[in-house]
Amino acid sequence: MKLFIINGPNLNMLGIREKGIYGNQDYDSLIGYIRDVCDDNNIEAEFFQSNHEGELVDIIQSAYKNADGIVINPAAYTHTSIAILDAVKAVMLPTVEVHISNIYEREEFRRVSYVSLACVKSIYGHGFEGYKEAVLFLKEYIEKAEKR
Ligand code: CA2
């Protein structure tokens, strides 16, 4: 089973500022953490991070025929991007949205998530652990779908 793990703008800046919201671990620690979860569960993972909306659309499109599922934190594009929503709809792969912070307990503008409309699950406010939950959820979801 292969998953694409996609992170959006500014997540490469984790651990540098806003530690109260996103914690003090950096982006490389996040990737290391998810990689360990995937290795322990026999899941192949490919990691992507981009600060550019169109590039994120290209990455999502490239998951078509190259991955069994997607874990995505579109970061600020969560709240604005119909292009990312449409790309996730287009590839028709089970996709889980993850947010490190609880987007429903912050500013009003963060309460809208376009991408959630195309996701089988949304996880928010669980820190890095949310990515683990997303990976394990997708593993079970994809295995169940394969048996049908
Ligand atoms: O909680 C999340 O995971 C977010 O997707 C993170 C985004 C934010 O725009 C979303 O509303 C919620 C921000 C990504 C990281 O931003 C940083 C800002 C300053 C310092 C370090 C990272």
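A disulfide is taken here as a pair of cysteine sulfur atoms within 2.5 Å. By this rule, the predicted model contains zero disulfides. The sulfur of C38 lies 17 Å from the closest cysteine sulfur, that of C119, which is too far for a bond. C119 is likewise in no disulfide, with the sulfur of C38 as its nearest cysteine sulfur. Both cysteines are shielded. C38 has a relative accessibility of 1% and counts as buried. C119, at 16%, also counts as buried.

Confidence was examined next. The protein chain has a mean pLDDT of 97. A value of 70 or more is reached by 100% of its residues. Confidence is lowest in helix 1, residues 19–22, where the mean is 92. Strand 3 has the highest mean, at 99.

Helix 3 spans residues 53–63. Its buried residues are L56, V57, I59, I60 and A63. These cover an arc of only 160° around the axis, so they fall on the same side of helix 3. An α-helix has 3.6 residues a turn, and therefore residues three or four places apart point the same way. Several elements cover the buried residues of helix 3. Among them are strand 1 (2–7) and strand 2 (44–49). Strand 3 (69–73) and helix 4 (82–91) also contribute to this cover. Helix 3 is followed by K65, which has a positive phi, near 70°.

Aromatic contacts were then considered. The structure holds four aromatic pairs. One of them joins F4 and F48, whose ring centres are 4.7 Å apart. The planes of F4 and F48 meet at 45°, so this pair is tilted. F4 sits in strand 1 and F48 in strand 2. The two residues are 44 residues apart, and their pair links distant parts of the chain. Both F4 and F48 are buried. Strand 1 and strand 2, which carry this pair, are also among the elements that cover the buried residues of helix 3.

Y33 and F128 form another tilted aromatic pair. Their rings are 6.5 Å apart centre to centre, with 40° between the planes. Y33 lies in helix 2, residues 27–40. F128 lies in the loop between strand 5 (121–124) and helix 5 (129–147). The pair therefore ties together parts that are 95 residues apart in sequence. Y33 is partly exposed, with a relative accessible area of 26%. F128, at 11% relative accessibility, counts as buried.

Technical notes:
Residues are numbered from 1 along each chain as its sequence is written. This is a predicted model: local features need pLDDT of at least 70, side-chain atom pairs count only at pLDDT 80 or more; totals for chains, interfaces and linings use all residues. Side-chain values use heavy atoms; hydrogens and water are left out. Buried means under 20% relative accessible area, exposed over 50%, partly exposed in between (1.4 Å probe, protein chains only). Helices (H or I, at least four residues) and strands (E, at least two) are DSSP runs, numbered from the N terminus. The arc is that of the directions from the helix axis to the C-beta atoms. Contact means heavy atoms within 4.5 Å. pLDDT is the predictor's confidence in each residue, from 0 to 100. Rings of Phe, Tyr and Trp (its six-membered ring) pair if their centres lie within 6.5 Å; planes under 30 degrees apart count as stacked, over 60 as edge-to-face and the rest as tilted.
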